[in-house]
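Take a moment to look at the chains before reading on.

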Amino acid sequence: MIDAVYGWLDDRLNISGSGRKLVNKIFPDHWSFMLGEIALYSFVILLATGVFLSLYFIPSSKQIVYTGSYVPLRGLHVSEAYASTIALSFNVRAGLLMRQMHHWSANIFLGAIVVHMCRVFFTSGFRRPRELNWIIGVNLLILAIFNGFLGYSLPDDLISGTGIRISFSILESIPFVGSYLATFLFGGQFPGSAIIPRFFIIHVLILPAIIAGLLGAHLALIVRNKHTQFRGRGATEKNVVGAPLWPTFFAKTNGFLFLVAAVTAILGAAVQINPIWLYGPYVPYHVSYAVQPDWYMGWLDGALRIMPSWEIHLPGHMVPNAFFPAILLPGVTFTLLMAWPFVEQRITGDRLEHHLLERPRDRPHHTALGAATLSFYFVLFGASATDVLANYLSVSLNFVLWFFRIAIFVVPLVIYPMTLKICRELQHTPGGGKTKRHNIVLRSPEGGYSTVVSQARPGDEPPVLEPVPLDGPELVGAMATGADRRSSGPLGAAATGQGGGVAGASRARGVFRIPRSYR
Amino acid sequence: MTTRALRRVLVPFAVVVLAVALGVFVLGRSHVQAGSPAMENPGIQLTASAASRYGSITEGRTLFEASCSACHGAGAQGSALGPSLLARGAATIDLWLSTGWMPLAEPTAQPVNKPPRFDRQQILDIVAFVTSLAPGGVSIPSAAALNLKTADVAQGFDLFSLNCAPCHTITGAGDALADGYHAPPLHGVTARQVYEAVRTGPSNMPPFGPRQITPAQLRGIIKYVTQEIEHPASPGGISLGGVGPVAEGFVGLFVGTGACLLAAFWVGDRTEREDDEHGGGQEEDPKDGLEGAHV
């Protein structure tokens, strides 16, 4: 039966030709290559739960009197958006579960994007020919953040309304065009009645369509460029070693889809998220304390909180305070992120193709820079909870504020040399970072004790380094980059020692013009 | 014993000695200061053995002298260590004692919630004593003022959102204010405490008189705070403390994404590659693009 259907389709679509090639695609196998899949499957979960929610959500700012089942709100004036979100939470079967799964999934989606981006960054997977895919990935991150914020805003509850109010002011803070942009997006002054329907269409249609399109391009470029791989198992710059798409990778990745869905469903069922019935409807002159945006916007909120109250007064124009942490910071952040592959090419002078990944320890400065940058944004995220931290730690809010104002500079400065040191130590440690072999304590019949080391497993021995010919013709081509890189490291230098070590190593550095400072 | 080890013992010891000495000095001073005005001021003669509508003034006086007079003075007239309690009203005294704010455990910027030192009758005795010294202030609410049967809880929620949430947060979890002050959590408070706090405005909190919040409106707020704010039947699973999405973010990142990472680690390949030069797997030529797959 399946054969018959397949044959019928194949006759008309010729799927076995291109399909065979597709199912034979080789995917290098490593657990860290599955991080992007978390994001992919979270996106699938977001679409599925989001469609369910859109059946019940009413995207309208129209004020109605709440008469639903939640008693503390009965008789209050609320928007239809808020009332319908309450109704779908309390009166629709599985509605609250779907809403909570949708929200948790958004948090996981963004988390997975960031973790995936970190993997690509720390293993240098963004280098030629994959710069384009890196840029697409950064754009996916930006769009996901925006869409998360829009979704968070839709229920029109007290704290999301406060968030929209802040975003209106942030838009207004853009020099010269800000007030026009803000009134253009909001259809007039804040709050107006246009914002919920507009956000809804952007949230459920426009941005998901762009995200899906870019996601397709992101995956197509992986197919086109091939997946990167770690060294070992015979992997070289000229091959891809791994499992074929069908059946191995397909089975594994589908199992993984279910695992990600399970994590999301468990969180959605067991842990409360965004209990908007506690927050009440948004009223422009009401505000609650202890509110923050979702975590992926948290670093912006933290930046807003710890920014000193500076403004720039130009003749006839004032650049408001919110501009620096809320427009300039993300602008610089994402511009630098997108430009990073090219910036790095300028620094290292390395414009060759790379298909083998670097271990983070093999590029200590690169890794240290990434870790310091991450810590910077993590401190900002922490700063979005200044009041909550002050309350829980029973310290003065002013102290916490100043703590973060100092930590934002100190923490990255500490993280950088720490990471650098760890990387260099690992480089010098054969088998460093790997599982240590167990010591087995034996007791003899006479009662004496002795210790032996457990049997070696693959990978337990220190790596056997082979001399790398430095003057060979293959050095000129794209191939030898990875091996040669390592030969200029401490271990490699030792290995090439008999063949004229130091001179060879420095010459190798010359070929790629990698400044000492960035190794 | 090396010098370093010696120092390790001596320094904390010296710190403790200094702290004790300082404590003795400060406490001694406070007793002198608190004691002196009463001695100089025999005019404050207490109407002994009288009973007020709250309780026994004599009992209250004994308790007050034992626990309160050190800072507030024997006649509740205040000192450098504590404010005057004269004409503060019964509600203030009752609130500060029933929340455990007073007596202070330590001289912080603002007292914290703790189990009250006195039982109900003792509190009323102290109230009787302090209110007997000078009239005025807000009285302890009558049962009618706290009758929540007809109170409008939705209106109470609306007013709570407007007047209380800016400091106590919309979930009543409480939060830190500037300069070491904080808005205490509102979970587990009694109707009388809410009434007294709103009307008297303890610590940093502004008082709300009956022209700002009418008695009926106040009953609504009390009903919301005492019956709904903890949301005994709030659905959705484990509450993350009602401190906003930052807690959700931490759970989403470290539990949600973290669990997915563990799943990836479980499902994905994690063998040590570096030395395993000739493992399994199939090869594919990266230069071939889509065309180049071969089994």
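Predicted model: local features only at pLDDT ≥ 70, side-chain atom pairs only at ≥ 80, totals over all residues.

Residues are numbered from 1 along each chain as its sequence is written, chains are lettered from A and ligands numbered from 1 in the order in which they are written, and side-chain values use heavy atoms, with hydrogens and water left out.

**Where the chains meet**

- Chain B has 79 residues in contact with 91 residues of chain A, where contact means heavy atoms within 4.5 Å.
- Between chain B and chain A about 7,300 Å² is buried, and carbon and sulfur atoms give 62% of that area. Buried area is the accessible area (1.4 Å probe) that two parts lose on being put together, summed over both.
- On the side of chain B that touches chain A, helices H6 (153–163), H7 (165–168), H9 (215–228) and H10 (245–267) and strands E1 (175–176) and E3 (282–284) each supply at least two residues. Helices (H or I, at least four residues) and strands (E, at least two) are DSSP runs, numbered from the N terminus.
- H10(B) gives the largest share of that side, 20 residues.
- By class, the side of chain B that touches chain A has 36 nonpolar, 25 polar and 18 charged residues. Here Ala, Val, Leu, Ile, Met, Phe, Trp, Tyr, Cys and Pro count as nonpolar, Asp, Glu, Lys and Arg as charged, and the others, Gly among them, as polar.

**Salt bridges**

- Side chains of opposite charge can pair when their charged atoms come close.
- A salt bridge is a side-chain nitrogen of Lys or Arg within 4 Å of a carboxyl oxygen of Asp or Glu.
- Over all chains the structure holds 12 salt bridges, but the count between chain B and chain A is zero.
- Arg305(A) forms a salt bridge with Asp301(A), with their closest N and O atoms 3.4 Å apart.
- Why are Arg305(A) and Asp301(A) separated by about one helical turn? Because they are four residues apart in helix H12 of chain A.

**Backbone details**

- The peptide bond from Arg128(A) to Pro129(A) is cis, with omega near 10°. Pro129(A) lies in the loop between helix H5 (95–122) and helix H6 (131–153) of chain A.
- Met102(B) and Pro103(B) are also joined by a cis peptide bond, with omega about 0°. Pro103(B) sits in the loop between helix H4 (90–98) and helix H5 (120–133) of chain B.
- Ala290(A), a residue other than glycine, has a positive phi, near 55°. Ala290(A) is in the loop between helix H11 (276–279) and helix H12 (295–306) of chain A.
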